[in-house]
Amino acid sequence: MEVLSENRCYGGTQGVYSHTSAACSCDMTFAVFLPEEAQHGPVPVLWFLSGLTCTHENAMTKAGAQAWAAEQGIALIYPDTSPRGDDVPNNEAYDLGQGAGFYIDATQAPWDKHFKMWTYVAEELPALLAEKFPLDMSRQSIAGHSMGGHGALTMAMALPGRFRSVSAFAPICHPLASDWGRKQFAAYWGDEANWGPHDATVLMKDVGFDGPVLIDTGTDDQFGNLLGTEHLAAAMAEKRQEGQIRLQKGYDHSYFFISTFMEDHVAFHAEALYR
């Protein structure tokens, strides 16, 4: 693991690191915020999965989560959204290829060699973090935005017992019924018969989540027709899932929206992590 930068931040440290990933067959970059309490022992963990076109850097610099995480004594983990590099396949479209890993493992060429983001985020990166940082991996929660909200919700439900709480900002809730999902699943998995159960609405109907859920989506979200919020809301009601879906009047899909409600989300996760 290589240290790319470390900066003093709200009494703790905001670091950016790189390592060679076996899962993605390339170098991967990620960011970790450690609160001051980490100097004295392991601290609980909050993951933040970013959306289309983003890297580890977007949420790290724009979401404003460090201030609230420092107040709660929680570490923040910001993975990248896809493998990258000259040898990694890409596409001219912004919503496919580099920056658009969709937190799944591709099985179709040319994506299958590198695009293993499920394995990377669910297995490889947690193992590295546990080895290198003072983190209490028995206390984890997860959040995400847009494509990352899809990833956070699906990982929370598909990995029972891993996360104590899950939240999302404008998540893609039903990718099987959206162009933000069907396009990428077809590219990464091929024929529809091969598509995996990486859909928050389907997983909510089937298994639900064994903890609280918080979702914020803006009423003026310019991508609202791609998100499928209403499908997840119906599934949560049918499942009697503990949680909230809040429609925030006038807000869009941007980091201005995310930063506005980040304090709520960190406090929501802190309650679960310290319960």
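This is a predicted model: local features need pLDDT of at least 70, side-chain atom pairs count only at pLDDT 80 or more; totals for chains, interfaces and linings use all residues.
The axis of a helix is a line fitted to its C-alpha atoms over the stretch in contact, and the angle between two axes runs from 0 to 180 degrees between their N-to-C directions. Helix α3 (residues 117-132) packs against α4 at an angle of about 60°, and their axes lie 12 Å apart. An angle of 65 to 115 degrees would count as roughly perpendicular and one under 35 as roughly parallel, so α3 and α4 are oblique to each other. Their crossing is right-handed. On the α3 side, the residues taking part are M117, W118, V121 and A122, and they meet T154, M155 and A158 of α4.

The axes of helix α2 (residues 65-72) and helix α9 (residues 255-273) come within 9 Å and cross at roughly 30°. Since angles under 35 degrees count as roughly parallel, α2 and α9 are therefore roughly parallel to each other. Here too the question of handedness can be settled: α2 passes α9 in a right-handed crossing. In α2 the residues A65, W68, A69 and Q72 face their partners M262, E263, V266, A267 and A270 in α9. This contact is made up of 7 nonpolar residues, 1 polar and 1 charged.

Stepping back to the whole chain, the model contains 9 helices and 9 strands. The radius of gyration is 17 Å, close to the 19 Å given by the globule rule for 275 residues, so the chain is as compact as a globular protein of that length. Along the principal axes, the C-alpha atoms fill a box of roughly 50 × 45 × 35 Å. Of the 275 residues, 59% count as buried. Among contacts with a separation of 6 or more, 72% come from residues 24 or more positions apart.

Beyond its neighbours within four places in sequence, S146 is in contact with G51, F169, A170, P171, I172, W180 and H253. S146 also has a positive phi of about 60° although it is not a glycine. Most residues other than glycine have a negative phi, and most peptide bonds are trans.

With a relative accessibility of 0%, F102 counts as buried. P110 is placed in the loop between β5 (75-79) and α3. A cis peptide bond, with omega about 5°, joins A109 and P110.

Finally, G15 is found in strand β2 (residues 12-21). At 0% relative accessibility, G15 counts as buried. Although G15 and A31 are 16 residues apart along the chain, their C-alpha atoms are separated by 5.6 Å. Leaving out residues up to four places away in sequence, G15 touches S5, E6, F30, A31 and V32.

How values were computed
Residues are numbered from 1 along each chain as its sequence is written. Side-chain values use heavy atoms; hydrogens and water are left out. Helices (H or I, at least four residues) and strands (E, at least two) are DSSP runs, numbered from the N terminus. Angles under 35 degrees count as roughly parallel, over 145 as roughly antiparallel, 65 to 115 as roughly perpendicular and the rest as oblique. A crossing is left-handed if the near helix is turned anticlockwise from the far one by less than a right angle, and right-handed if clockwise. Contact means heavy atoms within 4.5 Å. Ala, Val, Leu, Ile, Met, Phe, Trp, Tyr, Cys and Pro count as nonpolar, Asp, Glu, Lys and Arg as charged, and the others, Gly among them, as polar. The radius of gyration is taken over C-alpha atoms; the globule rule is 2.2 Å times the number of residues to the power 0.38. Buried means under 20% relative accessible area, exposed over 50%, partly exposed in between (1.4 Å probe, protein chains only).
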